[in-house]
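This briefing covers a sheet, a helix packed on it, a cavity and a pocket. Please have the sequence and the model at hand.

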Amino acid sequence: MKHFIELTLIPNDDIGHHFLWEKLFQQVHLALVEHQNADGSSSIGIAFPGFDAVQHSLGRKLRIFAQSENQLAGLNMEQWLKRLTDYVHLSSIKPVPDKIKGYAIFQRLQLKSNIERLARRAAKRQGISFDQAMEERKHLHPQHSNALFIWVKSLSSEQRFRLFIEGKFTQTASMNEKLFSLYGLSRGGSLPHF
């Protein structure tokens with residue numbers, strides 16, 4: 001990835017940090033959905049430069065990376081963030097610096113936390129009864145995590161859910177550096193960390 005824009009949260013007494021993350025992330029997701037690849041992936045990735053699992057903090061910044069300035073300009077983030085201008089600072093498009101600390105991989109961590117929900121989905125997908133799906137999953141135990149997360153609202157179901165995020169840091173770039181989800185999270189891609 002060669003270019004990035006940086007978004008900085010500006011919380012205040014009226015609007016909290018976590019609420020801003022939710023609203024900002026929703027808008028970034030919508031922009032990525034609008035510019036998705038034919039296969040439903042994204043060539044644009046996001047990073048949390050202030051990510052700190054020990055302090056349990058995402059920080060206050062989000063970086064959006066792309067191979068070219070045109071890809072970032074095409075996202076038109078100014079338009080997507082126009083309702084948040086008092087709470088989010090948007091930088092201009094910048095080149096990635098030559099000196100970086102390494103590479104970051106931010107992935108979605110999907111937990112099996114609601115066995116009934118998993119059974120309902122399986123019953124629908126496999127054309128079996130809910131009871132049969134529950135029987136097949138009786139050995140499963142709900143998973144829990146202390147991973148960092150952002151609340152996200154599903155546009156299809158209108159349900160809010162926690163999007164758990166796992167961060168890893170490495171010294172080598174991924175071979176699939178252009179592969180990201182429509183949340184901008186890695187599906188094998190890595191991003192410069194600086």
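Buried means under 20% relative accessible area, exposed over 50%, and partly exposed in between, with a 1.4 Å probe and protein chains only. Helices (H or I, at least four residues) and strands (E, at least two) are DSSP runs numbered from the N terminus.

The model is predicted: local features need pLDDT of at least 70, side-chain atom pairs count only at pLDDT 80 or more, and totals for chains, interfaces and linings use all residues. Residues are numbered from 1 along each chain as its sequence is written, and side-chain values use heavy atoms, with hydrogens and water left out.

**The sheet**

- An open sheet is formed by 4 strands in the order β7-β8-β6-β9, with antiparallel pairing; two strands pair if DSSP finds at least two bridges between them.
- β7 and β9 are the edge strands, each pairing on one side only.
- On average, neighbouring strands of this sheet are turned by 40° against each other, direction ignored.
- β7 is joined to β8 by 6 bridges and the two run antiparallel; V152 stands opposite F161 in β8.
- The hairpin of β7 and β8 has 6 residues between the strands, and E158 there takes a positive phi near 65°.
- Between β6 and β8 (residues 160-170) there are 7 bridges, again antiparallel, and F106 stands opposite G167 in β8.

- I150 belongs to strand β7 (residues 148-153).
- With a relative accessible area of 2%, I150 is buried.
- Contact means heavy atoms within 4.5 Å. Leaving aside neighbours within four places in sequence, I150 is in contact with W21, E22, F25, F48, L58, F161, R162, L163 and I165.
- I150 and E22 are 128 residues apart in sequence but 6.0 Å apart in space, C-alpha to C-alpha.
- Helix α1 (residues 17-34) lies across β7 and β8, running at about 65° to β7. Axes are lines fitted to C-alpha atoms, for helices over the stretch in contact, and angles run from 0 to 180 degrees between N-to-C directions.

**The cavity**

- On a 1 Å grid over the protein atoms alone, a cavity is a set of points where a 1.4 Å probe fits but cannot get out; a pocket is an open set with protein on both sides within 12 Å along at least five of seven lines; lining residues have an atom within 4 Å of a point.
- Grid points are joined across faces, edges and corners, and a volume is the space filled by probe spheres set on the points.
- The count comes to 1 cavity of 30 Å³ or more, and the largest cavity has a volume of about 30 Å³.
- Its lining is made up of A47, P49, R63, A104, F106, P192, H193 and F194; β6 (102-109) and β9 (191-193) are the elements that give two or more residues to this lining.
- By class, the lining of the largest cavity has 6 nonpolar, 1 polar and 1 charged. Ala, Val, Leu, Ile, Met, Phe, Trp, Tyr, Cys and Pro count as nonpolar, Asp, Glu, Lys and Arg as charged, and the others, Gly among them, as polar.

**The second largest pocket**

- The second largest pocket has a volume of about 250 Å³.
- Among its lining residues are E22, K153 and E158.
- α1 supplies the largest share of this lining, 4 residues.
- The lining of the second largest pocket divides into 3 nonpolar, 3 polar and 6 charged residues.
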